[in-house]
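These are my notebook entries on one model. I set down what I looked up, topic by topic.

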Amino acid sequence: MLRSVGQRLRHPGPWAIDGAIAAVLLAFMVGQLALQAKPQPGQHATTPLAYLLVVVMAASLVTHRKWPLPSLAVCLAALLLYAPGRYYAYPGIVLFAMVYGITLHGTRRQSLIALISCAAAMAVAIGMQPGVVGSYTVWVESELGIAIAWIVAESLRNRRVRWAELNTRAEREEQARRAVIEERLRIARELHDVVAHSMSVIAVQSAVGGHVMDTQPEEARQALAAIESTSRSALTEMRRLLGVLRQDGEPAGSLVPAPGLADLAPLVAQVGEAGVKVWVQVDGERGPVPPGVDLSAYRITQEALTNVIKHAGAATARVKVSYEKGSVTVEIADDGPAVPGGTGGHTGPGGRAGPGPAGGPGDSGTSPPGTGHGIIGMRERVAVFGGEFTAGSRPGGGFRVFARLPFPEVTT
């Protein structure tokens, strides 16, 4: 219990802070009313009504965060009832605190209402005072006090907003950085699996070649050719792994072949079961595509179609696979509603992937900003091979993902 009290004292809540400020101002004004050292000519003696109105003005400060405009209205009403009494205590200090509090904790509209209404009410209240108390000098000083309170609070509020924006931006950048690292590790694991499968093929073919070398030399030559082709491809994939390390404690990769563009039919069927009809178009003749490129193209298509299901609200999607000499291109487009904000970024030939400017639908395909990191992952996969990648809204509505993955031709 003592620890709880200590924590509350070290970190007081908004109600405690506002209550303490109101109590200090109330004590100050009540002290002035009670002492009433040298009243100016025309000022009246303190009455019970004066104490009551001072309590109401101070108490309105306690509720200004939750009910800013009602609290302001109560404070100003009490002030306008207090002013005709021509009491000794100066109420302007309460208005200064009210303008400061509403400007700091409220909206811009509420702060302007507080500034204008308090300035007008102060002018009216001073105009009711006699002689020196209601002079032009007192009026100017009071209005300046209100203006200074508003300016200081507005500056602090703008600084808070900027700090909040900076913190939010830093959090997003950190999330994007973590997403890039995780995606690179995932790519490394999958490439490791591709290479492991290639090594198993080499082991089997070498065993076959050694077994039939004397009796079936033609079959042995075919085995050696398969070993050469597979080993060249595996070496290419191994180079991709440099600098990308597997996390400690993760299970070893499977020797089962990784999926590729030849496995689009089951993926299309799954998307169709989710209610999105997918049309697949294949252009060109499929040649020897490296397993890593094949896997990345498949994963990009899978991620794009997954985002269509989750976020696009589309009824149909089109997948176009183009095989060219030394490259494979995938393009995924849907007929969902137009997404404002431009494209999701571009990675040119040989460009490095990264969070980049995501001025469009956010980091998760067609998802709103900040909801995921799908585009970041696709960009990373393309950048591993030094390819081209774009993602963004289509002029007529919907979303389009384009990825071109180059690869060196392997001669056998």
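In which helix is L156 found? I located L156 in helix α7; helices (H or I, at least four residues) and strands (E, at least two) are DSSP runs numbered from the N terminus.

**Basis of the entries**

I note that this is a predicted model, in which local features need pLDDT of at least 70 and side-chain atom pairs count only at pLDDT 80 or more, while totals for chains, interfaces and linings use all residues. Residues are numbered from 1 along each chain as its sequence is written, and side-chain values use heavy atoms, with hydrogens and water left out.

**Overall**

I found 11 helices and 6 strands in the protein chain. Of its 412 residues, 41% are buried; buried means under 20% relative accessible area, exposed over 50%, and partly exposed in between (1.4 Å probe, protein chains only). The protein chain exposes about 21800 Å², of which carbon and sulfur atoms supply 62%. Accessible areas come from the Shrake-Rupley method with a 1.4 Å probe, and for residues only the protein chains shown count as cover. I also looked up contacts (heavy atoms within 4.5 Å): among those between residues at least 6 apart in sequence, 72% join residues at least 24 apart.

**Confidence**

I read pLDDT as the predictor's confidence in each residue, from 0 to 100. Its mean for the protein chain is 79, and 79% of the residues reach 70 or more. For residues 340–344, pLDDT stays under 50, and the model has 21 contacts beyond four places in sequence there. Residues 350–372 likewise stay under 50, with 65 such contacts. Where pLDDT is low, the predicted coordinates should not be read in detail.

**Nonpolar patch**

I returned to L156, which counts as partly exposed at 31% relative accessibility. Together with Y100, L144, I148 and V152, L156 makes a nonpolar surface patch of about 410 Å². Patches are made of residues with over 30% relative accessible area and no salt bridge, with like charges joined within 9 Å and nonpolar side chains (Val, Leu, Ile, Met, Phe, Trp, Tyr) within 5 Å. A salt bridge is a side-chain nitrogen of Lys or Arg within 4 Å of a carboxyl oxygen of Asp or Glu. Helix α7 (residues 136–212) gives the most to the patch, with 4 residues.

**T103**

Is T103 buried or exposed? I found T103 buried, at a relative accessible area of 0%. T103 lies in helix α5 (residues 92–105). Apart from neighbours within four places in sequence, T103 is in contact with S111, W150, A153, E154 and R157.

**Helix α11**

I recorded that 10 of the 11 residues of helix α11 (residues 374–384) are buried, so α11 is largely enclosed by the rest of the structure. Among them are R379, E380 and R381. Just after α11, G386 takes a positive phi of about 70°.

**Strand β6**

Strand β6 (residues 399–406) has 6 of its 8 residues buried, so β6 is largely enclosed by the rest of the structure. Two strands pair if DSSP finds at least two bridges between them. Strand β3 (residues 327–334) pairs with β6 in the antiparallel sense over 7 bridges, and V330 stands opposite A403 in β6. Strand β5 (residues 388–393) also runs antiparallel to β6, joined by 6 bridges; A391 has V401 in β6 as its bridge partner. I noted that β5 and β6 form a hairpin with 5 residues between them, and that G397 in the turn has a positive phi of about 110°.
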